[in-house]
Amino acid sequence: MRDSIRGGLIGVGAAAVALGVAEVIAVFTGARSAPLVAVGGVVVDHVPEPLKQFAIDTFGVHDKTALLSGTVVLLAAFAAAIGILALRSFWYGVAGIAAFGLIGVAAALTRPDAGPAAALPSLLGALVAGGVLWALIELPDVGEHEVDRRRLLTGVALAVGAAAVSGFGGRWLATRRSVSEARNAVVLPTPASPAPAVPAGADLSLTQLAPYVTSNSAFYRIDTALVVPQVDPVDWQLKIHGRVRRPMTLTFEQLLARPMIERYVTLACVSNEVGGDLIGNARWLGVPLKDLLDEVEPLDGADQVVGRSADGWTCGTPTAVLRDGRDAMLAVGMNGEPLPVEHGFPVRVVVPGLYGYVSACKWVTELELTSFADFDAYWVPRGWAAQAPIKTQSRIDTPRGRNNLVAGPVAVAGVAWAQHRGIAKVEVRVDGGPWQAATLARTVSIDTWVQWSWQWQATRGEHTLQVRATDTEGAVQPEEQRPPDPDGATGWHSVDVEVE
Ligand SMILES: Nc1nc2c(c(=O)[nH]1)N[C@H]1C(S)=C(S)[C@@H](COP(=O)(O)O)O[C@H]1N2
Ligand SMILES: [Mo]
C-alpha cells in the first residue's frame, strides 16, 4: 500500500478515536466541552459578521450543521497529513496530536460557562489518539500481500469510525432523553390571564401563506448554541440582581406558582432579510417581567436588563421597555406545551416589539440590571445595534415561486408586522403602478403579525408584485433597501411572477 494512503488512513483513524473518546468523556463534563463543539463555538463567536450573515443566508437554520460538517472535513484532512508525517517520524505525529489537543483544551476552557473539567475531553482524546497512532504504525505485518494489509487498515479505520459514531450518538441520546423526560413531566399552570381567542378570519388558510399561528415544529430557530443547552428545571434558578435594591432568586417551582399571562406574540430575528422567514407567531405562557422588576426595585440609572443564558450568551433590553406595560414575560409555555428544548426550555424571555437578539434570551438563568454605558451584550461588539425595536415589514407569501398562474383573478396574500405598534394599512402594486389597498385579516393584538390579501386581475405576461405596510402611528415602511446589519433590514418585498 502506498505510504500516503496508509498514513492518511492511520491519521484519520487516530483522529476518529480521539473524537469518539472525547465525546464519551463529554457526557460527564458537559456537551460544550467536547472539542468539536468547543472549537465550533469559538468559531461561531469570532467569525467576521459578513461570513456569519452569509452562513445564515445560505444554510438558514442549518448553519450549525454546515459549520460542524465543514470542521469535520477540515479536521480529517489535517489528520491525514499528520498520519503521513508520522510514518516518517512518530514524533511528528505526536507534535500534531499535541497541537490539536491544545487547541481543543484552549477552546473548551475559554467557553463562557467552562469549569476546569472542560479540559478533560480534549486531553484524554489526544492521549488515546497518541496510543492509537503508535499502535497503527507498529501494526504487525500480516501477510506479505498488499491486499491483507489494506484489508486490515480499512477494518481498523472502520472500527474506529464506528467507535466515534457510537460515542457521539450515545452522548446525543443520553443528553436528549434526560431533559426531554423532565420536559414531559412539567405541568403548565392555568393562566390567570388567558390569551384572547384567535378571531375567526385571522387565518385566511391559503396554500403558501404562513399560518397565523406558527406551530412549534415550524418555528424558526436562531441561536449561537452548537449543542442545545440541556437545563433541568430541578436545577434551574433565575438570579435577578445587579443594580437593584432587593435582589431575588427564583426556582422553577416558585416561578410556576406565580400568576401567569398567556399572549400571542410574534417573534422576529434581526437577521431576517426582506421577504425572509425568520419570524413566527406563538402563544406564550409566562410570568410578567414588569412585576418581577417592580419587586427587585431597580436603582436609578439601571437602564439595561441583561439576560444571560445557561451557555453564557447575553442580550440587553431597555429596562423602560420591560416596565412600560407591554406583555414582556418570562415564558415557560409555547402553544400550550412546555417550551421546546431548542426554544429555551425551561424558561426564556419574550418581549413584544423587540428583535430576538436584544430581548428573547433562551435558557435564561440571570437577569442583571446594569446600564447601556456599562455593558455591551453579545451582539453589540459584533457590530449590531444595542437597541433594536422591530421595523415595520410586509411580505408576499402567495403567489411566489412556480405557481402556474393563469390570467384572471389571483389571490395575492401575505403577512405584515409592526409589533407593539400594529399595522394600519397594507398596500400592493403591480409593475410599479398605483398602490392598491389590501384587506387586512383580523388579529389578536398589535403584538402579532397580520395576514393581508388582495384580489388581482392578472393579465398574461411577466409582472412584479410589491407590498408595503403602514403602522398605526402613520409611518410608511421605507422603500430604501438596507441589509439586516446593524438593526434590521428595510425595503419593500418584491415578487416576480409569470402569468400564462
Ligand atoms: N441563549 C440564547 N438565546 C437567544 C439567542 C442565542 O443565541 N442564545 N438568540 C436570540 C435570537 S438572535 C433570536 S432571533 C431568538 C430566536 O428565538 P427562537 O430560536 O425561539 O425562534 O432567540 C434569541 N435568544
Ligand atoms: Mo435573531
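Predicted model: local features only at pLDDT ≥ 70, side-chain atom pairs only at ≥ 80, totals over all residues.

Reader: What makes Val213 count as partly exposed?

Author: Its relative accessibility is 29%. Buried would need a value under 20% and exposed one over 50%, so at 29% Val213 lands in between and is called partly exposed.

Reader: How far is Val213 from Val198 in sequence and in space?

Author: They are 15 residues apart along the chain, and their C-alpha atoms are 9.1 Å apart.

Reader: Okay, what about Asn281: why is that residue called buried?

Author: Asn281 belongs to strand β4 (residues 279–288). Its relative accessible area is 0%; the limit for buried is under 20%, so Asn281 qualifies.

Reader: What does the side chain of Asn281 touch, and what makes those polar contacts?

Author: There are two to point at. The Asn281 side chain reaches the backbone oxygen of Tyr212 at 2.9 Å, and a polar contact of 2.9 Å joins it to the side chain of Thr266. The cut-off for such a pair of N or O atoms is 3.5 Å, and 2.9 Å is within it in the case of Tyr212 and in the case of Thr266.

Reader: Let's do charges. How do you know that Asp327 and Arg263 form a salt bridge?

Author: The N to O distance between their side chains is 3.0 Å. A salt bridge asks for a Lys or Arg nitrogen within 4 Å of an Asp or Glu carboxyl oxygen, so this pair passes. As background, side chains of opposite charge can pair when their charged atoms come close.

Reader: Where in the chain are the two partners, Asp327 and Arg263?

Author: In distant parts, 64 residues apart: Asp327 is in the loop between α10 (319–322) and β7 (329–334), while Arg263 is in strand β3 (residues 261–268).

Reader: Why is Arg263 called buried and Asp327 partly exposed?

Author: The 20% limit falls between them. Arg263 has a relative accessible area of 17%, so it is buried; Asp327 is at 22%, so it counts as partly exposed.

Reader: Are Asp487 and Lys391 buried or partly exposed?

Author: Asp487 has a relative accessible area of 23%, so it is partly exposed. Lys391 is at 17%, so it counts as buried.

Reader: Which pair has both partners buried?

Author: Asp397 and Arg395 are both buried, and their side chains meet in a salt bridge with an N to O distance of 2.7 Å. There's also a network: salt bridges with shared partners connect Lys64, Arg221, Asp223 and Lys362.

Reader: How many salt bridges turn up in the whole structure?

Author: A search finds 22.

Reader: On to ligand 1. Which residues come nearest?

Author: Of the 19 residues around ligand 1, the nearest are Tyr220, Thr224, His343, Arg348 and Lys362.

Reader: Which N or O atom in a side chain lies 2.6 Å from a ligand 1 oxygen?

Author: One in the side chain of His343. On the backbone side, a polar atom of Ile222 is 3.0 Å from an oxygen of the ligand, and an N or O atom of Thr224 is 2.9 Å from one.

Reader: How much of ligand 1 does the protein bury?

Author: Taken alone, the ligand exposes 530 Å², and the protein buries 99% of that.

Reader: Last one: which residues does UniProt list as "transmembrane region"?

Author: The unreviewed UniProt entry lists 7–28, 66–85, 90–110, 122–140 and 152–174. In the model, residues 66–85 are 100% helix, with end C-alpha atoms 29 Å apart. Residues 90–110 are 95% helix, and their end C-alpha atoms lie 30 Å apart.

Technical notes:
Residues numbered from 1 in each chain as written. Chains lettered and ligands numbered in written order. Heavy atoms only, no water. Helix = DSSP H or I, 4+ residues; strand = E, 2+ residues; numbered from the N terminus. Buried < 20%, exposed > 50% of the residue type's maximum accessible area, 1.4 Å probe, protein only. Near = heavy atom within 4 Å. Polar contact = N/O pair within 3.5 Å; in protein donor to acceptor, adjacent residues only side chain to side chain. Areas by Shrake-Rupley, 256 points an atom, 1.4 Å probe, with all protein chains shown as cover. UniProt positions renumbered as here; feature names shortened; annotations may be inferred.
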